[in-house]
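Thanks for coming. I will go through one structure today, and the sequence and model are on the screen.

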Amino acid sequence: RWVEGFLAEAPAREDVYEAVRFMLETPAKHRGSPSFWFLYAAQGLTRKMIPLLTADQCARLREDYDARYPRQDRMPVQKEVCRLLKKGTGRR
């Protein structure tokens, strides 16, 4: 519901970027804690926001994401997030 309400307010692109950045980096700060998996799964909520970002923003987020979350540890949601970030950079 939060994402829907946030997007309904037509937020500035920078605000969308900050929301996505927060949601993508937060789980790594809680690795090993009970909340990690909940936060990791919640990254799927960024799927509606990523297409609103610039190519540069997607590239920065993708680079950071790759550094925080090794490819072999990613679940289907994280693979989808990565695919959307890569698509957002304009690269195939």
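Start with the aromatic residues: Phe36, Trp37, Tyr40, Tyr65 and Tyr69 make up one cluster. Keep in mind that this is a predicted model. The count of aromatic pairs comes to six. One of them is Phe36 with Trp37, an edge-to-face pair with 4.9 Å between centres and 80° between planes. How do these two residues stand in terms of burial, buried or exposed? Phe36 counts as buried because its relative accessible area is 5%, and the cut-off is under 20%. Trp37 counts as exposed because its value is 52%, and that cut-off is over 50%.

Another pair is Tyr40 with Tyr69, which is tilted, at 5.4 Å centre to centre and 40° between the planes. Tyr40 belongs to helix α3, while Tyr69 is in the loop between α4 and α5, so this pair links distant parts of the chain, 29 residues apart. Both Tyr40 and Tyr69 are buried.

There is also a charge over a ring. Arg60 sits over the face of Tyr17, 4.8 Å from the ring centre.

Next, the nonpolar core. The largest one holds 21 residues, and Val20 and Met49 have the most contacts inside it. At least two residues of this core come from each of α1 (2-8), α2 (13-29), α3 (36-42), α4 (55-68) and α5 (76-89). Which helix gives the largest share? That is α2, with six residues. In general, nonpolar side chains of soluble globular proteins tend to be buried together.

Met49 touches Trp2, Val3, Phe6, Leu7, Val16, Ala19, Val20 and Met23, leaving out residues up to four places away in sequence. Take Met23 from that list. Met23 is in helix α2, and it counts as buried because its relative accessibility is 15%. Beyond four places in sequence, the contacts of Met23 are Ala42, Gln43, Leu45, Thr46 and Met49.

Now α2 itself. The buried residues of α2 pack against α1, α3, α4 and α5. Among those buried in α2 are Val16, Tyr17, Val20 and also Glu25.

That brings me to the charged residues. Opposite charges on side chains can pair when the charged atoms come close. The count here is 10 salt bridges. Glu25 bridges to Arg21, with the closest N and O atoms 2.7 Å apart. Both lie in helix α2, four residues apart, about one turn of the helix. Glu25 is buried, at 11% relative accessible area, whereas Arg21 is partly exposed, at 25%.

Arg62 counts as buried at 15% relative accessibility, and Asp66 as partly exposed at 33%. The other bridge joins Asp64 to Arg68, at 2.7 Å between the closest N and O atoms. Asp64 and Arg68 are also four residues apart in α4, about one turn. Asp64 is partly exposed at 28%, and Arg68 is partly exposed at 27%. Through shared partners, salt bridges join Glu18, Arg21, Glu25, Lys29, Asp64 and Arg68 into one network.

That is where I will stop.

Terms used. Residues are numbered from 1 along each chain as its sequence is written. This is a predicted model: local features need pLDDT of at least 70, side-chain atom pairs count only at pLDDT 80 or more; totals for chains, interfaces and linings use all residues. Side-chain values use heavy atoms; hydrogens and water are left out. A nonpolar core is a set of buried Ala, Val, Leu, Ile, Met, Phe, Trp, Tyr and Cys residues joined through side-chain atoms within 4.5 Å. Buried means under 20% relative accessible area, exposed over 50%, partly exposed in between (1.4 Å probe, protein chains only). Contact means heavy atoms within 4.5 Å. Rings of Phe, Tyr and Trp (its six-membered ring) pair if their centres lie within 6.5 Å; planes under 30 degrees apart count as stacked, over 60 as edge-to-face and the rest as tilted. A charge sits over a ring if NZ of Lys or CZ of Arg is within 6 Å of the ring centre and within 35 degrees of the ring normal. A salt bridge is a side-chain nitrogen of Lys or Arg within 4 Å of a carboxyl oxygen of Asp or Glu.
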